[in-house]
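Subject: Structure handover and notes

Dear colleague,

I am passing on the structure we spoke about, with my notes below it. Please look through the coordinates first and then read the notes alongside them.

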2 protein chains.
Amino acid sequence: MNFLLDIVIVLILARLLGEIFSRAKLPLILGYLFAGFLAGPLFNLVEIGNVHIFGEIGLILLLFIAGFKEVSTEMLIREKKYSLSIGIFGSLIPFGLGYLTGQWFGFSFINSLIIGVALSATSIASSLLAFIKEGKLNTRTGRSLVGAAIVDDIIALLLLAFVTSLIVTGGVFDMLSIGNLLGGMVTFFIVFVLVSKAAPSIFRIARKLRTEEMRFSLVFVLIIFIAYLAQEFGLSTVIGAFAAGIILSRVTSLKSKRFYDDIKVVSEGIFIPFFFAFIGLQIVLDVSILSILPLAILVMAFVGKFLGVWIGSVFSKLERQEKIGLSFGMIPRGEVALVVIALGKSLIPDFPNEIFSSIIITIVVTIFLAPIFVQRFLKKAKLPG
Amino acid sequence: MNFLLDIVIVLILARLLGEIFSRAKLPLILGYLFAGFLAGPLFNLVEIGNVHIFGEIGLILLLFIAGFKEVSTEMLIREKKYSLSIGIFGSLIPFGLGYLTGQWFGFSFINSLIIGVALSATSIASSLLAFIKEGKLNTRTGRSLVGAAIVDDIIALLLLAFVTSLIVTGGVFDMLSIGNLLGGMVTFFIVFVLVSKAAPSIFRIARKLRTEEMRFSLVFVLIIFIAYLAQEFGLSTVIGAFAAGIILSRVTSLKSKRFYDDIKVVSEGIFIPFFFAFIGLQIVLDVSILSILPLAILVMAFVGKFLGVWIGSVFSKLERQEKIGLSFGMIPRGEVALVVIALGKSLIPDFPNEIFSSIIITIVVTIFLAPIFVQRFLKKAKLPG
């Protein structure tokens, strides 16, 4: 009943499992997810409503940081010609296959779309580690992989914005709801451009203010405000937070290490673990998890990326070995897929637990297996530099 | 209805008014308080439940920082012989007078005690500014004032712990509830000592951990956990947070500027403004504010400190001028008084609005008037160095 105790329990478990997972060279986010699973479904220590606000702010900060870093890494993309088409097909094909799988299992139009979006984005952190270990990151394959992952991240978020809007308008395709949808998107885009233009001035004024901690407070407010606006315009807080990251990454005075450290302390030290734990808390222990659905989605997660890379590189000069390396590298799913099902669960009244659990299973399995495949492959492969 | 929007509104208003107030050389906390007043009672923009959690964490962090700084400033106290007795009487006399005022107006035993505790602690920041402006801080009067204010802060918190325990046990003086109360206090004291001993080792281990932001996360968890424990033992989160501050101020690895900066960014950049705004939100606009109660409490706030300083310095060699300077300097009430009425409101089912508002009026008036008195007095006074 006491929210202070619940916050303590979740954060301690998240830290503990995060530490164990990162020592075992497993992604931190799986540790957080597992912490939530222990705190909720397994031992029932925590009331989910008590960590909800922290989880939602964690989600917003997670996407803010993604947007904030995205732009700077975007500029670092070499191999643009390969990355772009591989990223596009590497996200759209799994999206399509995910959607079809949903339809095949008889899920609604919207729920099928959600499966698709969840499969579209790569979480390459763990694959990259394998590339780095084998000293193959600075090959054409490694560089294309980084670029393609960024491209498919952005496409996944656009798909997500689209699906969220559909959910908000009730998935009805009449003129009015499509009008509302487009209207909301356009309005948010205008807001985005306006705030982009205004941001440097806002922070120039903020530097003249006397109260300490002003800059950080202002950033925090701006992020949450833009996230809120996006939500109001029928998109989601996720898109708003990502947009806020892009906007603020262009403000010169925020390009200091000090600012990034502040944001990281607040985000990763407090709020972000709650987002992943919040997802873990929502897992429903259910025999239906053992059905054929998670297997089908998992297969599509693998097949989708292979097909996507293959189609996306059909006109390129990439060699067969490189295509295989890229495919393996793009298999892991992670943060974005979790964001997608979290949104699904919060926006759709009876979002099927089977989908929720199957996507989590897909994430866990791909994150574990892909790096192993990548490393084995890289040990033998001869990749052009 | 949307908690994201409410967070944005409160934080923007708090920042804006905080900036205006600090430019006008008025205390920041009054700005925050006023922000809450605008957001709630006046314009009804915000739903109070949506900022409650942030406010409560703000309160905990406020007292954590107080405890964290207290110990280091404690060592700086010179003029110990004057500070101690003036601090003791300077808090106990207003406490007694506040209690009697409550009884005189027919309030319950507990509510009268709350008025007393609210009047006991000094908020000298604004008086100190006047001393500094007049170049009189490094006089015997100035030094004694700093010391006495720290002493009366600690006494006020002890009184508060006592009153909170009384409230939790229902204000009944039978053997069982007194036993429970003492048992809780003793248990918490044992926990306090144990955690004090363990803290350096905990942080030594934490330094070896790999996950980033671990130290900060750990501090955040420890603070909230100790606050929670204090609450469970019948004290209040306030006492627990203060105790956590004292404990962690003794951990060597936390004595870095970097750590203090992190804590400040999180506390003052995000949570603490919500605590004061939360109080402002709870003000009830009511004609009864215009009754005689606020005037009576205000008079006691002035008289109490004069009497307290006079009695507390009766065996000292302090001159008449010095005693007057000390009395004026100790008149402002602030944070602690706000903490007291916030607790009263949250713990006592029908805590009288008249008391809540009267204490706020007392805080506002004393914070405005005392520095003016101090400055006028210091301009003429000849104080021994």
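Which residues in helix 14 of chain A meet which residues in helix 15 of chain A? Before the reply, please keep in mind that this is a predicted model. On the side of helix 14 of chain A the residues are Ala337(A), Leu338(A), Ile341(A) and Lys345(A), and they meet Phe356(A), Ile359(A) and Ile363(A) in helix 15 of chain A. Sorted by class, the residues of this contact comprise 6 nonpolar, no polar and 1 charged. As for the geometry, the axes of helix 14 (residues 335-347) and helix 15 (residues 353-380) of chain A come within 10 Å and cross at roughly 170°, which makes helix 14 of chain A roughly antiparallel to helix 15 of chain A.

The axes of helix 8 of chain A and helix 9 (residues 214-232) of chain A come within 12 Å, with a crossing angle of roughly 170°, so helix 8 of chain A is roughly antiparallel to helix 9 of chain A. Helix 8 of chain A contributes Phe188(A), Val191(A), Val195(A) and Ala206(A) to the contact, while helix 9 of chain A contributes Met214(A), Arg215(A), Leu218(A), Ile226(A), Leu229(A) and Ala230(A). By class, this contact has 9 nonpolar, no polar and 1 charged residues.

Helix 8 (residues 175-208) of chain A also holds Phe203(A). Is Phe203(A) buried or partly exposed? It counts as partly exposed, because it has 19 C-beta neighbours inside 10 Å, whereas a buried residue needs 20 or more. Leaving aside neighbours within four places in sequence, Phe203(A) is in contact with Val251(A), Ser253(A) and Leu254(A); from Phe203(A) to Thr252(A), 49 residues apart in sequence, the C-alpha to C-alpha separation is 9.1 Å.

In chain B, Leu182(B) lies in helix 8 (residues 175-208), and with 12 C-beta neighbours inside 10 Å this residue counts as exposed. Leu182(B) and Ser165(B), which are 17 residues apart in sequence, are 8.9 Å apart in space, C-alpha to C-alpha.

Turning to chain A as a whole, there are 15 helices and 0 strands. Its radius of gyration is 21 Å, close to the 21 Å that the globule rule gives for 385 residues, so chain A is as compact as a globular protein of that length. Along the principal axes, the C-alpha atoms of chain A fill a box of roughly 60 × 55 × 45 Å. Buried residues account for 56% of the 385 residues in chain A, and of the contacts in chain A between residues at least 6 apart in sequence, 82% join residues at least 24 apart.

The largest nonpolar core has 271 residues, of which Val10(A) and Val10(B) touch the most other members. Not counting residues up to four places away in sequence, Val10(A) touches Ala35(A), Gly36(A), Ala39(A), Val46(A), Val51(A), Phe274(A) and Ala277(A).

Lastly, the contact between the chains takes 38 residues from chain B and 38 residues from chain A. On the side of chain B that touches chain A, helix 1 (3-23), helix 9 (214-232) and helix 11 (257-281) of chain B each supply at least two residues, and helix 1 of chain B gives the most, with 12 residues. That side of chain B divides into 22 nonpolar, 7 polar and 9 charged residues.

With best wishes

Notes: Residues are numbered from 1 along each chain as its sequence is written. Chains are lettered from A and ligands numbered from 1 in the order in which they are written. This is a predicted model: local features need pLDDT of at least 70, side-chain atom pairs count only at pLDDT 80 or more; totals for chains, interfaces and linings use all residues. A nonpolar core is a set of buried Ala, Val, Leu, Ile, Met, Phe, Trp, Tyr and Cys residues joined through C-beta atoms within 7 Å. Two residues are in contact if their C-beta atoms, placed from the backbone, lie within 7 Å. Helices (H or I, at least four residues) and strands (E, at least two) are DSSP runs, numbered from the N terminus. Ala, Val, Leu, Ile, Met, Phe, Trp, Tyr, Cys and Pro count as nonpolar, Asp, Glu, Lys and Arg as charged, and the others, Gly among them, as polar. The radius of gyration is taken over C-alpha atoms; the globule rule is 2.2 Å times the number of residues to the power 0.38. Axes are lines fitted to C-alpha atoms, for helices over the stretch in contact, and angles run from 0 to 180 degrees between N-to-C directions. Angles under 35 degrees count as roughly parallel, over 145 as roughly antiparallel, 65 to 115 as roughly perpendicular and the rest as oblique.
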